[in-house]
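Please open the structure in your viewer and keep the selection panel at hand.

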Protein chains: 2
Amino acid sequence: MQRYFLKANVEANFTLDEETYHHFVTVLRAKEGTKAEFVQPNQAVVIASLAAITDGMATMQVVETLTSDVELPVDTTIICGLPKGDKAELIVQKATELGVNQVIFVQTAWSVAKWNDKADKKIARLQKIAAGAAEQSHRTRVPAIKYAPSLAEVAAMPFDHKMIAYEEAAKTGEQAQLAQTLAAIEPQQSICAVFGPEGGIAPQEIEKLTAHGFTVAALGPRILRAETAPLYWLSAISFALELAQPQH
Amino acid sequence: MQRYFLKANVEANFTLDEETYHHFVTVLRAKEGTKAEFVQPNQAVVIASLAAITDGMATMQVVETLTSDVELPVDTTIICGLPKGDKAELIVQKATELGVNQVIFVQTAWSVAKWNDKADKKIARLQKIAAGAAEQSHRTRVPAIKYAPSLAEVAAMPFDHKMIAYEEAAKTGEQAQLAQTLAAIEPQQSICAVFGPEGGIAPQEIEKLTAHGFTVAALGPRILRAETAPLYWLSAISFALELAQPQH
């Protein structure tokens, strides 16, 4: 069933906004009685049926309220050094499927890409990709996509658990940090991880982050590409907290 | 350091094959003393230094033998319904980074894509992608990429543990199967999972596979795309066996 995100919570009847009307009625040719799922800002999901179209306004009637719990039990943020080409789009799409709550793209020392003046436009486009992926993967929340011009800004942000995915850690045999963190994390706590761009994270950046309470963690013994590491991290969080030791 | 796969095990000195010579000497302009890593068919890795170039032949001298253990502690196979567009390439590249040993693309009932006569050419191209990704992620093994014209052929293959990633299982709240399997698996045992194409796996296919000992498993409560599910599964295996409960 098609899924849409609503801008306001709804009662038993509601009308569609212009964009949803266009997709549901014009593109999908919904008729009276056609149903769709609608996610409210409070994350409750309702199934509503098209009741009437009058003067270009579609009135929907709520026929069922779903109780679903498809969000990760912790609040996840991935912080990615600006990647090359269209890798940012791949990261946003896949991380959204895997349950991320926030993606921050950050200019790092060894980022080849520079966003500068293009950042607003890029973030707007990535936010749309996140919304589409959230609908497809039946999320009840659309991740927030942001840009930070420096790691200093990111380092000062408050999170309950702060990690750096660092491939040098893999080479020295560090393997325990992620599992230890996930064994200790409490439901609804926030956790973030910094991922380098293709060129990696500079040693002085590691120093700055660890001075702010970030810990270095390996994601297994293989070298993962910049866009693969966040997907591993999110998959591991889901496996550890939703499948291996369910927290809810 | 650049990494190459050798076609035969080597002694203290060896000469480069044509393809490796072209990349190392012509493209990378290696000089006497330039080093690279070479993975032997027995998976041992040596560092060798360019000793001499004579008559278009490059002689390498082994300077160090590495002891590395970057392969997953179990033998993994992903079996993917033929995906659309270039998704097969994405799956092969990312699954190789994540440690897969074998990827089998299979014609399923609801595959929109058909390979038929193109299968040999596609597999050859995907095998090259696997080799490149194995080098980049410092694997000691290049995954085998194969094609199967029917699920019946796949269902009869011998594996110690056989799973189906099935999104309908997620909807009914199945969450324990993958964790239970990974808690029970022994080092070096083989494990495979079947992943549907975009349209999913048909109920009669699920029946056929379960009759052959496959068990249905969910990969968390969110709906993952065809190309994302295998990456989640491999990440979870790495996390469970390499980070959370190291087997080696």
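In which loop of chain A is A:Lys7 found? Select A:Lys7: the residue belongs to the loop between strand S1 (3-5) and strand S2 (13-15) of chain A. Helices (H or I, at least four residues) and strands (E, at least two) are DSSP runs, numbered from the N terminus.

Before continuing, please note that this is a predicted model, in which local features need pLDDT of at least 70 and side-chain atom pairs count only at pLDDT 80 or more, while totals for chains, interfaces and linings use all residues. Residues are numbered from 1 along each chain as its sequence is written, chains are lettered from A and ligands numbered from 1 in the order in which they are written, and side-chain values use heavy atoms, with hydrogens and water left out.

**First stop: the surroundings of A:Lys7**

Display the surface around A:Lys7. This residue is exposed, with a relative accessible area of 68%. Buried means under 20% relative accessible area, exposed over 50%, and partly exposed in between (1.4 Å probe, protein chains only). Leaving aside neighbours within four places in sequence, A:Lys7 is in contact with A:Asp17 and A:Pro41, where contact means heavy atoms within 4.5 Å.

**Second stop: chain A as a whole**

The chain has 8 helices and 11 strands, and its C-alpha trace spans about 65 × 45 × 30 Å along the principal axes. Of its 248 residues, 53% are buried.

Colour the strands S8, S7, S6, S10, S9 and S11 of chain A. In that order they form an open sheet of 6 strands with parallel pairing. Two strands pair if DSSP finds at least two bridges between them. Strand S8 (144-148) and S11 of chain A stand at the edges, and because each has a single partner strand, one side of each is left without a neighbour in the sheet. From one strand to the next, the twist averages 25°; axes are lines fitted to C-alpha atoms, for helices over the stretch in contact, and angles run from 0 to 180 degrees between N-to-C directions. Zoom in on S9(A) and S11(A), which run parallel and are joined by 3 bridges. Here A:Ala165 stands opposite A:Ala217 in S11(A).

Which residues of helix H6 (residues 177-184) of chain A are buried? They are A:Leu178, A:Ala179, A:Thr181 and A:Leu182. Look down the axis of H6(A): the buried residues fall within an arc of 165°, so they line one face of the helix. The arc is that of the directions from the helix axis to the C-beta atoms. What covers these residues includes strands S9 (161-165), S10 (190-195) and S11 (215-217) and helix H8 (229-244) of chain A, together with helix H8 (229-244) of chain B.

Move to chain B and select strand S7 (residues 102-106), where 5 of its 5 residues are buried. B:Gln102, B:Ile104 and B:Val106 lie on one side of S7(B), and B:Val103 and B:Phe105 on the other. Strand S6 (residues 75-81) of chain B pairs with S7(B) in the parallel sense over 5 bridges, and B:Val106 is the bridge partner of B:Gly81. S7(B) and S8(B) also pair in the parallel sense, over 5 bridges; in S8(B), B:Ala148 is the bridge partner of B:Val106. Next, show helix H2 (residues 87-97) of chain B, which lies across S6, S7 and S8 of that chain and runs at about 165° to S7(B).

**Last stop: the two chains together**

Show both chains. A rotation of 180° with 0.0 Å of shift along its axis superposes chain A on chain B (RMSD 0.0 Å). Copies are superposed by least squares on the C-alpha atoms of residues with pLDDT of at least 70 in both. To locate the axis, select A:Ala236, the residue of chain A that comes closest to the rotation axis, at 2.7 Å (C-alpha).
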